[in-house]
Amino acid sequence: MEKNTKIFPVYKLFSYDILFYYAISILFLNGVKGLSLAEIAILNSIYSTSAILLQIPSALITDKIGLRNSMILGNMFCLFWGIDYLIAPSFATLAIGDFILAFGFALKGTSESPFLYSSLKKLNRLSDFSKIEGKGSSLYFIVEALACIAAGYLYKVNVYLPLIFSCICALIATILAYFTKPIKNLKNTNATAKEKRDELFSGFKFIFKSSR
């Protein structure tokens, strides 16, 4: 568990979001893949819609295979997205890539913070949760700013280089997740799909009824 808490901030740096890509995303999709701005907008909507619809399946998968394995699988999906974007010959293939990416982030969203929380709970150090997770996030934002600057130069050298670096970051996150230790003896809630769905709907209901 101590090893998990030491690896997590570095893992968070590489897994928090896609590095190197966003700064050149429009240029890449329009100039390299030949998509119109309307098609790029549709592609973004496919990702957003998929991210919402995959929340319940991702939670069920995480319950089934465990937190650590969900982190590994989620980062592998992010890697597959990068490979898909590198070789995609059509809009449909890119759309499949965005669906895979949404699935990856849905899996990571249901597993990463609970993984750190559970590791710290085993160590009786729950008070360190915000500090460790915040450290990982702050490292990401620093590197992300540098990656945005570097992405422009990399794109001028070779239009595929930023995506290749994104794939490398996803691979590093996958390897780091693999070197963490599984958390045993966690309480298994065995939540059904209906219970997960009801929980999600109750959350939306609360939001729309809130005076804020």
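The lining of the second largest pocket divides into 10 nonpolar residues, two polar and one charged. Here Ala, Val, Leu, Ile, Met, Phe, Trp, Tyr, Cys and Pro count as nonpolar, Asp, Glu, Lys and Arg as charged, and the others, Gly among them, as polar. The model is predicted: local features need pLDDT of at least 70, side-chain atom pairs count only at pLDDT 80 or more, and totals for chains, interfaces and linings use all residues. Residues are numbered from 1 along each chain as its sequence is written, and side-chain values use heavy atoms, with hydrogens and water left out.

**Second largest pocket**

- This pocket holds about 180 Å³ of space. A pocket is an open set of points on a 1 Å grid over the protein atoms alone, with protein on both sides within 12 Å along at least five of seven lines; lining residues have an atom within 4 Å of a point.
- Volume is the space filled by probe spheres set on the points, which are joined across faces, edges and corners.
- Tyr21, Tyr22, Asn44, Tyr85 and Asp98 are the closest to the pocket's centre, out of 13 lining residues.
- Two or more lining residues come from each of helix H2 (25-32), helix H3 (37-53), H5 and H6. Helices are DSSP runs of H or I, at least four residues, numbered from the N terminus.
- H3 gives the most to this lining, with four residues.

**Largest cavity**

- One cavity of 30 Å³ or more turns up in a search of the whole structure. A cavity is a set of grid points where a 1.4 Å probe fits but cannot get out.
- The volume of the largest cavity is about 70 Å³.
- Its lining has 13 residues, with Phe14, Asp17, Ile18, Cys78 and Ala170 nearest the centre.
- Helix H1 (2-15), H5, H6 and helix H9 (161-178) each supply at least two lining residues. H9 gives the most, with four.
- By class, the cavity lining has eight nonpolar, three polar and two charged residues.

**Packing of H5 and H6**

- H5 (residues 67-87) packs on H6 (residues 91-109) at about 160 degrees, with axes 8 Å apart. That makes H5 roughly antiparallel to H6, a label for angles over 145 degrees.
- Axes are lines fitted to C-alpha atoms over the stretch in contact, and angles run from 0 to 180 degrees between N-to-C directions.
- Contact means heavy atoms within 4.5 Å. Among the H5 residues that meet H6 are Cys78 and Tyr85; Asp98 is one of the H6 residues in this contact.
- The contact residues divide into 13 nonpolar, six polar and three charged.

How values were computed:
Angles under 35 degrees count as roughly parallel, over 145 as roughly antiparallel, 65 to 115 as roughly perpendicular and the rest as oblique.
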